[in-house]
Structure formats: C-alpha cells, structure tokens
Amino acid sequence: MTLLYLVRHGETVDNAHRIMQGQTPGQLNETGIRQAEEVAEKLKDEPIDAFVASDLRRSIHTCELIARLHGQAVTTTPLLRERDWGSFTGKYIPDLSHLNDPSLWPDDIESLVALKERAGAFLDWLREKYPDQKVLAVGHGIINKAVQSVYYGKPMKEIKPMGNADIRILEL
C-alpha cells in the first residue's frame with residue numbers, strides 16, 4: 001500500500017487577491033511560506049519516502065520547504081497541475097461568480113472529464129512509481145479535489161475543498 005499525504009500549496013499572491021491562477025506558476029506570499037513551514041514542522045518526524053509536486057512553481061516551492069527537513073529532493077509531474085482555466089485565467093474570481101453553470105463557460109477550459117482522467121492517471125502513476133512507500137504530494141485546490149473524487153468514487157461537489165497547506169491522507 002502506498003500512503004499519500006496530499007497537500008495543497010501555500011497561499012500565493014494571487015490567492016490573496018482572489019485571482020484565478022489556473023496553470024500559471026504562481027508565487028507564495030509570506031503567509032504561504034509560513035504555511036509550508038508549518039506543514040514541514042508538523043510532518044518532520046514522519047518517515048516520508050518521496051516528495052512530489054505539480055510542475056507549477058507555487059507547488060514546487062511549497063514541497064521544497066516541506067522536503068527540506070527530510071533532506072530530500074522534489075520530483076515534479078504535470079499530472080498534478082491545477083485545472084486549466086483557459087480564458088478565465090488571470091480573472092478576478094468574484095467577477096466570475098455569476099457563471100455557475102459550466103455550459104456558460106468558454107470552450108478553452110479543461111473539462112471535468114479530462115481533469116478527472118488526469119487525476120486517475122496521477123494515482124496510477126503514484127502506485128506504480130512508489131509502491132509501498134509514503135509519498136507527500138503538493139498539488140492545487142481543484143486537482144486535489146479531483147484526485148479525491150476519483151479515489152473515493154464520489155462527485156467533485158461531495159469533496160470538501162482544501163484550504164492552502166491543508167493535508168489529506170489517502171491509502172492507495
């Protein structure tokens with residue numbers, strides 16, 4: 001069994017300003033750095049075998065801060081990238097609140113089907129690459145929700161959102 005510590009990256013400048021980041025790199029702010037350091041401290045005595053992050057900078061930085069206390073490097077994967085929000089990327093989130101119906105969204109947004117397929121591929125990759133190991137993986141709010149949706153076999157709306165630097169533990 002692979003044990004997954006699924007973590008959301010620390011708060012970013014865009015999170016604080018409520019900007020839709022999507023697959024932009026993002027930059028941790030002081031709060032985000034502190035959040036990552038708190039996760040590192042909380043898990044410093046856990047025997048974690050591997051550290052994995054989305055290939056977006058905000059997740060890599062969070063994971064590096066956590067992995068530092070374990071003296072380990074971080075492996076990156078595009079499978080754990082945030083949902084591609086297409087032309088919503090860079091927009092002020094409250095300005096999009098009236099677009100609750102996905103049928104009103106532009107065609108350049110990654111579909112829920114594609115997102116969940118990627119989440120499933122991530123879980124398969126973890127099981128194959130890290131069998132019987134403890135892995136900490138840093139992703140993003142929506143992809144982490146998709147990973148849990150696939151894992152639990154539940155709709156995305158039934159998965160509780162993760163705050164910045166939240167941790168969920170999954171037994172694969």
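**Strands, cores and rings**

Q: Which residue of β4 is the bridge partner of Tyr 5?
A: The bridge partner of Tyr 5 in β4 is Leu 136. Keep in mind that this is a predicted model.

Q: What makes β1 and β4 a pair of strands, and in which sense do they run?
A: Six bridges join β1 to β4. Pairing asks for at least two bridges, so the two strands count as paired. Their sense is parallel.

Q: How do you know that β1 also pairs with β5, and in what sense?
A: Five bridges connect β1 with β5, and the requirement is at least two, so this is a pair as well. The sense here is antiparallel. Val 7 has Ile 167 of β5 as its bridge partner, and Tyr 5 stands opposite Ile 169 in β5.

Q: What makes β2 and β4 count as paired?
A: There are four bridges between β2 (residues 50-54) and β4 (residues 134-139). Since at least two are needed, the strands qualify as a pair. They run parallel, and Phe 51 has Leu 136 as its bridge partner in β4.

Q: What is the order of the strands in the sheet?
A: The sheet is open, with five strands in the order β3-β2-β4-β1-β5 and mixed pairing. From one strand to the next, the twist averages 25°.

Q: Why are β3 and β5 called edge strands?
A: Each of them, β3 (74-77) and β5 (167-171), pairs on one side only, which is why they are the edge strands.

Q: Why is β1 described as largely enclosed by the rest of the structure?
A: Six of the six residues of β1 are buried, so the strand is largely enclosed. Both of its faces are covered: Leu 3, Tyr 5 and Val 7 are buried on one side, and Leu 4, Leu 6 and Arg 8 on the other.

Q: Which face of β5 is covered and which is uncovered?
A: Arg 168 and Leu 170 make up the covered face of β5. Ile 167, Ile 169 and Glu 171 make up the uncovered one.

Q: Which residues have the most contacts inside the largest nonpolar core?
A: They are Leu 4, Phe 122, Leu 126, Ile 143 and Val 147, in a core of 19 residues. At least two residues of this core come from each of β1 (3-8), β2, α4 (112-129), β4 and α5 (141-152). The largest share, five residues, is supplied by α4. Another core, of 16 residues, lies apart from it and includes Leu 3, Val 39, Ile 66 and Leu 136.

Q: What does Leu 4 contact, leaving aside neighbours within four places in sequence?
A: Among its contacts are Phe 122, Leu 123 and Leu 126. Val 135, Ala 137 and Ile 169 are also among them.

Q: Why is the pair of Phe 88 and Trp 105 called edge-to-face?
A: The ring centres are 6.1 Å apart, which is within the 6.5 Å limit for a pair.

Q: How do you know whether Phe 88 and Trp 105 are buried or exposed?
A: Phe 88 has a relative accessible area of 8%, and Trp 105 has 19%. Buried means under 20%, so both residues are buried.

Q: Is Pro 161 buried or exposed, and what makes it so?
A: Pro 161 has a relative accessible area of 55%. Exposed means over 50%, so Pro 161 is exposed. Its place is the loop between α5 and β5. Not counting residues up to four places away in sequence, Pro 161 touches Lys 145, Asp 166 and Arg 168.

Q: What makes the approach of His 70 to Leu 43 a polar contact?
A: A polar atom of the His 70 side chain lies 3.2 Å from the backbone oxygen of Leu 43. The limit for a polar contact is 3.5 Å, and this distance falls within it. His 70 is found in the loop between α3 (57-67) and β3.

Technical notes:
Residues are numbered from 1 along each chain as its sequence is written. This is a predicted model: local features need pLDDT of at least 70, side-chain atom pairs count only at pLDDT 80 or more; totals for chains, interfaces and linings use all residues. Side-chain values use heavy atoms; hydrogens and water are left out. Axes are lines fitted to C-alpha atoms, for helices over the stretch in contact, and angles run from 0 to 180 degrees between N-to-C directions. A polar contact is a pair of N or O atoms within 3.5 Å; within protein, one must be able to donate a hydrogen and the other to accept it, and residues adjacent in sequence count only if both atoms are side-chain atoms. A nonpolar core is a set of buried Ala, Val, Leu, Ile, Met, Phe, Trp, Tyr and Cys residues joined through side-chain atoms within 4.5 Å. Buried means under 20% relative accessible area, exposed over 50%, partly exposed in between (1.4 Å probe, protein chains only). Contact means heavy atoms within 4.5 Å. Rings of Phe, Tyr and Trp (its six-membered ring) pair if their centres lie within 6.5 Å; planes under 30 degrees apart count as stacked, over 60 as edge-to-face and the rest as tilted.
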